[in-house]
Amino acid sequence: MGLKRVFRVFRYKPGWSRPRYETYTLDLPEWATVLEALMRIRRDHAPDLTLRHSCLHGSCGTCGMRINGREALACLVKVQDLPERITVEPLYNLGVVSDLVVDMPAFYEKFEPVGRPLIRRSEYLPQAVPPEGIPHFTRLESCIECGLCVSACPVAATDEAYLGPAALAAAWRVVEEPRDARVWQALALADSPHGCWRCHLALECSEVCPTGVKPGHAIAALRAYLLTSQAVRTASPMGEAS
Ligand code: SF4
Ligand code: SF4
Ligand code: FES
């Protein structure tokens, strides 16, 4: 039996004076995801509907959006788990480029000064035996740079310069496991007026993160680290960290 759903989709193109919502009624197979529904809308009703996607299985991070007011990866949300009326909007706090596509370069730019470790050496599994020809398994970083955390963050909504949960979580990773990244630079950014002290620690970011990065928890760890290192500096007879 098919699923009948009414989709209310955010539409905006450069040059429009304001965005609008358009409504599409679909009959979908039971396995359909929200991303599948949107692709059918584009195929059958609105060929100019723009959205981002790639992997279709929750690993590329490109299909982030707000579905009934909640940040999610559209390829992982099953339509059958949603009510009859479904509102789909672009992520908040990143700026809309077109329809469901937001300004991701602005998001990525905040990572660059922090440094982005890509592989966790600390989480190699020594007991894992790699296949012949592969020297070892590697554990990639969990962050898929989807932007859901930034969209859910109330501070990012009011402070455009806020480094944001994803970049601050990356900063904490640099402190945890520096490899070749510059720890002092990550800490200076985290300690800046638009860094970790702006966070309200309400943890919406950790709540919506699809890969368990828990950026809010990383920010709390950064704060504790900064406070401890400041206390060490103050207590040092030379006023320097040991
Ligand atoms: S915990 Fe901090 S970074 Fe995360 S959503 Fe709340 S204010 Fe934003
Ligand atoms: S921290 Fe989580 S929610 Fe934020 S960009 Fe990375 S994967 Fe997405
Ligand atoms: S399409 Fe890759 S995460 Fe959804």
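Two strands are said to pair if DSSP finds at least two bridges between them. Helices (H or I, at least four residues) and strands (E, at least two) are DSSP runs, numbered from the N terminus. The model is predicted, so to speak of local features needs pLDDT of at least 70, side-chain atom pairs count only at pLDDT 80 or more, and totals for chains, interfaces and linings use all residues. Residues are numbered from 1 along each chain as its sequence is written, while chains are lettered from A and ligands numbered from 1 in the order in which they are written.

Strand E3 (residues 64-67) pairs with E4 in the antiparallel sense, over 4 bridges. Met65 has Ala72 of E4 as its bridge partner. The hairpin of these strands leaves 2 residues between them, and Asn68 takes a positive phi near 50° there.

Now for the ligands. A residue is near a molecule if its C-beta atom, placed from the backbone, lies within 6 Å of it. Around ligand 1 there are 15 residues, with Cys153, Pro165, Cys199, Cys205 and Gly216 coming nearest. Helices H4 (154-158), H7 (204-208) and H8 (215-235) each give two or more residues to this shell, and H8 gives the most, with 3. Ligand 2 is surrounded by 14 residues, the closest being Cys143, Cys146, Cys149, Cys209 and Val213. Helices H3 (148-152) and H5 (165-176) each give two or more residues to that shell, with H5 giving the most, 3 residues.

Next comes the inside of the protein. A nonpolar core is a set of buried Ala, Val, Leu, Ile, Met, Phe, Trp, Tyr and Cys residues joined through C-beta atoms within 7 Å. The largest one has 56 residues, and Ala74, Cys149, Leu168 and Ala171 have the most contacts inside it. H5 gives the most to this core, with 8 residues. At least three core residues come from each of domain 1 (3-102) and domain 2 (105-235), with bounds from an automatic or database domain assignment.

Finally, helix H6 (residues 183-190) has Ala186, Leu187, Leu189 and Ala190 buried. They sit on the same side of H6 because they cover an arc of only 160° around the axis, taken from the directions from the helix axis to the C-beta atoms.

Key: Buried ≥ 20, exposed ≤ 12 C-beta atoms within 10 Å, placed from the backbone.
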